[in-house]
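Open your viewer and keep the selection panel handy. We will go stop by stop.

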Amino acid sequence: MYAVRQFGNGIFSMNGREWSLLVACLLAIILFSVVSPHYATSGNAATVLRNSVELLLIGLGMTLLLAMGGIDVSIGIVMGLAAIAIGRVLGAGGNPLLALVAGPMVGALLGCVTATVVVLGRVPAIVGTLGLLGVYRTAVFVLLGGQWLSGLPSSLTNLLATTVLGVPVPALVIAIAYLAVWLALRRTPYGLHLLAIGNSEEKARLSGIPVIKTRFMTFVISCVLTGIAATFYVATYRNVEMTIGSTLALDAIAAVILGGTSILGGRCSLIGTVLGVLLLRILQNGLLLIGVPSLWQPVVTGILIIGVLGFEAVSNRFPLVQLLRARA
Amino acid sequence: MTEPFLVARNIAKRFGALTALANVDLEIRSGEVLALLGDNGAGKSTFIKILAGAHPPSDGELVIEGSPVAFSSPKDAASSGIATIFQELALSENLSIAENVFLGRELKRSILGIPFLKRKEMRQRVDGLLKELDAHISDPEAPVGSLSGGQRQAVAICRALNLNARLVIMDEPTAALAVAETRKVLALTRRLAARGCAVVLISHNISEVFEVADRIVVFRRGRKVAERLAAETNHEEVVSLITGAHPDVRALEKPN
Ligand SMILES: Nc1ncnc2c1ncn2[C@@H]1O[C@H](COP(=O)(O)OP(=O)(O)OP(=O)(O)O)[C@@H](O)[C@H]1O
Ligand SMILES: [Mg+2]
């Protein structure tokens, strides 16, 4: 399994998986353009990119988590709580700069809670974050009091709708986040430790790696990125609804796995995650435009996850498929 | 006789109801190769995991050069100059050779307070170590998971060498190796000892042990049952000590 794989260590290293995703994106675009006359417009392209902003940021954090052998299924509702905090600051007529830091700060705080439960409390990540998902869901309900936060002032929106040197602020923030995560992963001891833990936590411990610190940090980083995502969410929609973020964790995990990050840990692809997010959003948008109700979106995501993991399981099990792959 | 580098006093280890080690007293000297022998499950790996900081002892103490130490992690043991090559090797299969050799003690430079890896320097040091070991590895950037058993052993030994350890512990280092590679590892244990390093070697191969060891210690059912200078014992005696047929061991085990 290791023999045929080359390290994708460069900032945009593309292997077979990444190229296939790129081709899949292009094919989907071509297909939808043929089927729907409304598809291939610059307005729709902007919509797809706009819809990808939060998931790109959250996907970067989820890539780190999965590569470390961790997971966080409460990430969508973490974004919800951060969004409520931002909304409250804006609603109270607060300084938009304060609204800007509210998201990452609430993210960091919730990240510490998650890390305390999962890392210090040694509760398996999937169980611990599922438990927190329940707690946070109720917290959102209580905080919103059964009503939407809506009609928020546009100060934050105006702040983030600008461009810097012709580059839209969301694109700039995503580029910076991507670069930072890539540097951390491939150029610092932290990244090596994270990948070693993903390979085997016990071996990592025997190697003298600070396992607890590395795991703690990663859960916090993921939630901080989610807090930044919340900022863009509120700036765009200027409301916070009860069901906020309910499919985000599913989408993020799907995109990351599509991108070639191993669900078992130890191996990941950042550019794969970016392409995975784009493919997911292209499919969701295209299906909507050709008349498939949005109710079906999670079905598509679910099928993608099961398909990819199923294919990987099969190809690792059956020698014939391995042989074909080795020849390819 | 040189002053011991490490003294273990009355070491015990219990895993729940199971007593894996009891009352182990042992001295490890610099410049000497000490062989630990014993049947499967005798407690050899457990003992060296205590030396390596991977398990805390349930009882007893470790003394390094006269002062007591308590390791709470493998990192502590490493900073006291103890390098361990575990039976399971503890390498990260998904990382490259250089990354494995330096894992947990990377060379780094600080830029704006962020530690960045000095990848080139690490790579150069590892190339030098591999040459010194005479290990033939075509692609040092390849993940360790793609290497053969012998090559992985070489990487684990590089890790130990790179630490400039005062005590190198090897748990069955030759078990997975072919003849030529076994010879290299055995020669290396002698070279380490000649450099003034203390070496602890665990092996099931008795002829191999007689080739390199200065002293032989036998474990049986979690106890140290014998200690001999290699020059003053022979193959048959050691076998009888391991199996428990030796009169000394019988006398020791009689009361129970
Ligand atoms: N982490 C653990 N938890 C529970 N029991 C353990 C643990 N590690 C070792 N043991 C038990 O302690 C005893 C001694 O095991 P150990 O691995 O030290 O033997 P060994 O002498 O190294 O054997 P071998 O020659 O097979 O490697 C065994 O009965 C083993 O099952
Ligand atoms: Mg053992």
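**First stop: the ligand**

Select ligand 1 and the side chain of B:Asn40: an oxygen atom of ligand 1 lies 2.8 Å from an N or O atom of that side chain, a polar contact (a pair of N or O atoms within 3.5 Å; within protein, one must be able to donate a hydrogen and the other to accept it, and residues adjacent in sequence count only if both atoms are side-chain atoms). This is a predicted model, in which local features need pLDDT of at least 70 and side-chain atom pairs count only at pLDDT 80 or more, while totals for chains, interfaces and linings use all residues. Side-chain values use heavy atoms, without hydrogens and water; residues are numbered from 1 along each chain as its sequence is written, with chains lettered from A and ligands numbered from 1 in the order in which they are written.

Next, pick the side chain of B:Thr46, where an N or O atom is 2.6 Å from an oxygen atom of ligand 1.

**Second stop: H1 and H12 in chain A**

Now select residues 16-35 of chain A, helix H1, and residues 270-289 of chain A, helix H12. Helices here are DSSP runs (H or I, at least four residues), numbered from the N terminus. At what angle do H1(A) and H12(A) pack? The angle is about 20 degrees, and the axes are 9 Å apart. H1(A) and H12(A) are therefore roughly parallel to each other (angles under 35 degrees). Show the side chains too: A:Leu21, A:Ala28 and A:Phe32 are among the H1(A) residues that meet H12(A), whose partners include A:Leu275 and A:Leu279. Contact means heavy atoms within 4.5 Å.

What joins H11(A) to H12(A)? On the H11(A) side, look for residues including A:Leu248, A:Asp251 and A:Leu258; on the H12(A) side, A:Arg281 and A:Gln284 are among those making the contact.

Methods
Axes fitted to C-alpha atoms, helices over the stretch in contact; angles between N-to-C directions. Helix = DSSP H or I, 4+ residues; strand = E, 2+ residues; numbered from the N terminus. Parallel < 35°, antiparallel > 145°, perpendicular 65-115°, else oblique.
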